[in-house]
Amino acid sequence: MTQYITTQSEDGICTITINRPEKKNALLKDMYQRMAEVIKQADTDPAMRVILFTGSGGNFSAGNDLQDFLDKPPGDENSIVHQFLLTLATTNVPLVAAVEGMSVGVGATMLLHCDFVYAHPKTQFILPFINLALVPEASSSLLLPQMAGYHKAAELLMLGEPFDANTARDIGLVSAVCEPAQLLPTARATAAKLAAKSRSALRHTKALLRRPAEPLPERMHAEMTVFMELLKLPASREIMTAFMEKRKPDPSKLD
Ligand code: COA
């Protein structure tokens with residue numbers, strides 16, 4: 001197991017810290033593998049309700065390790081980085097990120113797959129693929145134009161210049177820019193709120209939010225199918241019964 005990814009689980013929140021500060025948290029294969037393992041574990045472990053990504057040493061991540069790209073470039077869709085990105089993009093586990101310092105390459109595009117992203121005001125984002133004679137990854141060529149509009153996405157991906165936290169917030173890559181001392185507390189507070197929700201309802205909500213565009217009646221049908229299923233489950237029954245009985249719901253019944 002790599003020492004460059006540390007995890008800590010507490011109160012339903014699993015914090016994944018990218019911990020290779022001497023290289024600005026550049027990512028090696030083992031690091032992707034470990035992060036993918038933790039996400040997969042959270043998919044099934046009821047004690048892991050939310051994942052919170054952070055970086056150590058004042059940076060989020062400088063992206064893929066460039067020496068690793070030179071030595072062992074990923075060859076195909078079975079590559080560890082591709083498998084990590086697929087796991088990240090398809091999990092229904094709520095993902096929160098707290099970013100500061102450098103957020104570069106995959107260290108920025110992975111945020112497109114997080115549900116809440118909080119940034120230190122001095123975070124510097126770069127999508128440097130074009131400057132490395134490469135193309136965007138992690139579906140950023142699809143998600144960024146949807147999020148930021150075509151022209152802004154073209155600017156960020158075709159020029160590859162740094163942009164700041166306010167720009168990242170304005171285009172929707174970041175949920176909020178926080179005062180430095182409030183960065184982790186804000187991310188943790190959101191993670192705690194998510195951890196207190198019905199696990200099942202939250203994951204279904206995320207799955208619905210991330211469904212591809214489809215005709216409105218089909219989406220309504222998909223929502224209603226899950227809605228009716230959840231109405232029968234103990235969590236929603238406990239919350240409604242507690243309301244009627246003018247008491248707080250029993251948290252142990254909110255799975
Ligand atoms: N891969 C491997 N090593 C990296 C790295 C990366 N992606 N990013 C930073 N490092 C290493 C540097 O080589 C340096 O190592 P050294 O101290 O052994 O020489 C150390 O981390 C510190 O980086 P440095 O470049 O001195 O920091 P900086 O603050 O001046 O610049 C960056 C920070 C992120 C702008 C700059 O390091 C950079 O451009 N990195 C490459 C980013 C990139 O292209 N990522 C891949 C995207 S696909």
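Reader: How many cavities of 30 Å³ or more are there?
Author: The count comes to two cavities of 30 Å³ or more. Keep in mind that this is a predicted model.

Reader: OK, how much space lies in the largest cavity?
Author: About 40 Å³. The residues that line the largest cavity are L28, K29, Y32, N64, D68, F69, K72, P74 and V81.

Reader: Which elements give two or more residues to that lining?
Author: Helix 1 (29–44) and helix 2 do.

Reader: And how does the lining of the largest cavity divide by class?
Author: Five residues are nonpolar, one is polar and three are charged.

Reader: What about the second largest cavity, what lines that?
Author: A108, T109, L112, L127, L144 and L173 line the second largest cavity, and about 30 Å³ of space lies in there. Its lining has five nonpolar residues, one polar and no charged ones.

Reader: Which of them gives the most?
Author: Helix 3 does, with six residues in the lining of the largest pocket.

Reader: How many nonpolar, polar and charged residues are in that lining?
Author: The lining of the largest pocket has 31 nonpolar residues, 13 polar ones and six charged ones.

Reader: And the second largest pocket, how much space there?
Author: About 290 Å³. Of the 15 residues lining the second largest pocket, A201, T205, V226, F227 and L230 are the closest to its centre.

Reader: Where does that lining come from, in terms of elements?
Author: Helix 9, helix 10 (216–231) and helix 11 (234–244) each give two or more residues. Helix 9 has the largest share of the lining of the second largest pocket, with five residues.

Reader: Now the ligand. Which residues come nearest?
Author: There are 15 residues around the ligand, and K23, K24, A62, N64 and L66 come nearest.

Reader: What are the distances from the ligand to the side chains of K23 and K24?
Author: For K23, an oxygen atom of the ligand is 2.6 Å from an N or O atom in the side chain. For K24, an oxygen atom of the ligand is 2.9 Å from a side-chain N or O atom.

Reader: And which part of A62 is 2.9 Å from the ligand, backbone or side chain?
Author: The backbone: a polar backbone atom of A62 is 2.9 Å from a nitrogen atom of the ligand.

Reader: How much of the ligand does the protein bury?
Author: Taken alone the ligand exposes 860 Å², and the protein buries 58% of that.

Reader: Last one: which elements supply at least two residues of the shell around the ligand?
Author: Helix 2 (66–71) and strand 5 (102–104). The shell around the ligand has nine nonpolar residues, two polar and four charged.

Methods
Residues numbered from 1 in each chain as written. Predicted model: local features only at pLDDT ≥ 70, side-chain atom pairs only at ≥ 80, totals over all residues. Heavy atoms only, no water. Near = heavy atom within 4 Å. Polar contact = N/O pair within 3.5 Å; in protein donor to acceptor, adjacent residues only side chain to side chain. Areas by Shrake-Rupley, 256 points an atom, 1.4 Å probe, with all protein chains shown as cover. Helix = DSSP H or I, 4+ residues; strand = E, 2+ residues; numbered from the N terminus. Nonpolar A, V, L, I, M, F, W, Y, C, P; charged D, E, K, R; others polar. 1 Å grid on protein atoms, 1.4 Å probe; cavity = no way out; pocket = protein on both sides within 12 Å on 5 of 7 lines; lining within 4 Å. Points joined across faces, edges and corners; volume = space filled by probe spheres on them.
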